[in-house]
Amino acid sequence: MKQRMAGLGLAWLMFAAAAGHAQITEVPETVAPGRFWIKMDAISISTAPDQPDNGRYTAVAVAKTFLTTGLTNSLDVQVGAQLFLSEKVDSGGFSGHQSGIGDVYFRTKWRFYEDDTTGTAISLMPYVKVPTNSGGVGKKATEGGLIIPWASKLSGWGRLTAMVEWDLVRNDADNGYDTLWYASAAFNRPLTGSLAIYGEVTAGKSTGGAPWAGTVGGGVTFAVSGLFSWDYAVYRGISSGAPGWNPVIRANWRF
């Protein structure tokens with residue numbers, strides 16, 4: 001049970017930290033050829049509340065970073081890595097702690113639909129995760145999946161983004177793969193030229209029998225310049241499969 005709990009907590013942490021931009025929900029826009037975009041989750045903390053059956057779980061992810069560059073105006077490539085992960089479990093007199101580097105991700109994004117009139121865009125985003133983790137903080141198996149981001153402008157109100165995701169993840173018995181279905185949506189609204197706020201909801205369910213994981217949250221973004229911005233968000237779990245709280249600090253740099 002303790003191993004199961006640790007595995008679920010780490011799996012959720014990895015998905016929650018995956019985006020690295022001003023929200024969890026991926027955006028369909030691509031990076032132009034010759035340009036670069038660095039997206040970093042500077043720090044993400046995931047905690048589970050004290051419960052008789054689950055104990056207490058705390059995980060910290062530092063500097064999960066993605067570097068993106070464009071191949072064409074509608075196709076880019078991305079490489080990402082988790083520089084440090086740490087997780088701790090206390091349950092029924094048992095205490096365990098492990099830390100190390102995380103995995104490497106290879107992704108590509110193809111924007112196959114765009115309507116300038118409505119500001120609507122849709123992309124396909126396949127990815128592969130290579131197990132480079134150390135210290136027992138991940139699974140020693142190659143995993144992958146497909147993300148479909150969508151976005152549209154809301155006239156006079158802001159922007160709505162959403163995504164659906166299908167993942168193949170190694171099961172806890174390490175003898176096969178489970179399917180994970182994941183979806184999220186976010187509403188972004190600018191307040192000034194450099195300040196914006198957003199709200200976001202997420203939901204995920206694995207075929208491996210784990211409870212569904214749902215969160216609600218919100219954040220604020222601050223553009224230091226036209227090329228660099230900070231983002232701070234806090235998420236709250238609304239189901240037994242999600243962390244109790246997940247604060248995140250993110251940074252974005254385009255050049």
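1. Outside the four places on either side of it in sequence, Gly70 is in contact with Val31, Ala32, Pro33, Gly34, Arg35, Leu75 and Asp76. The model is a predicted one, and the points below describe that model.

2. Gly70 belongs to strand S2, which covers residues 55-72. Its relative accessibility is 11%; because buried means under 20%, Gly70 counts as buried. Trp37 is 33 residues away from Gly70 along the chain, and the C-alpha atoms of the two are separated by 9.4 Å.

3. Thr120 is part of strand S6. Its relative accessible area is 12%, so Thr120 is also classed as buried, the limit being under 20%.

4. What does the side chain of Thr120 make a polar contact with? The partner is the side chain of Ser152, at 2.9 Å.

5. The largest nonpolar core has 12 residues: Ile24, Phe66, Tyr105, Met125, Tyr127, Ile147, Met163, Tyr182, Tyr198, Ala233, Tyr235 and Val248. At least two residues of this core come from strand S6 (120-130), and at least two from strand S12 (228-237).

6. Ala233 is one of the core residues. Not counting residues up to four places away in sequence, Ala233 touches Tyr198 and Val248, along with Gly218, Gly219, Asn246, Pro247 and Arg250. Tyr198 and Val248 are themselves listed in the core.

Notes
Residues numbered from 1 in each chain as written. Predicted model: local features only at pLDDT ≥ 70, side-chain atom pairs only at ≥ 80, totals over all residues. Heavy atoms only, no water. Core = buried A, V, L, I, M, F, W, Y, C linked by side-chain atoms within 4.5 Å. Buried < 20%, exposed > 50% of the residue type's maximum accessible area, 1.4 Å probe, protein only. Helix = DSSP H or I, 4+ residues; strand = E, 2+ residues; numbered from the N terminus. Contact = heavy atoms within 4.5 Å. Polar contact = N/O pair within 3.5 Å; in protein donor to acceptor, adjacent residues only side chain to side chain.
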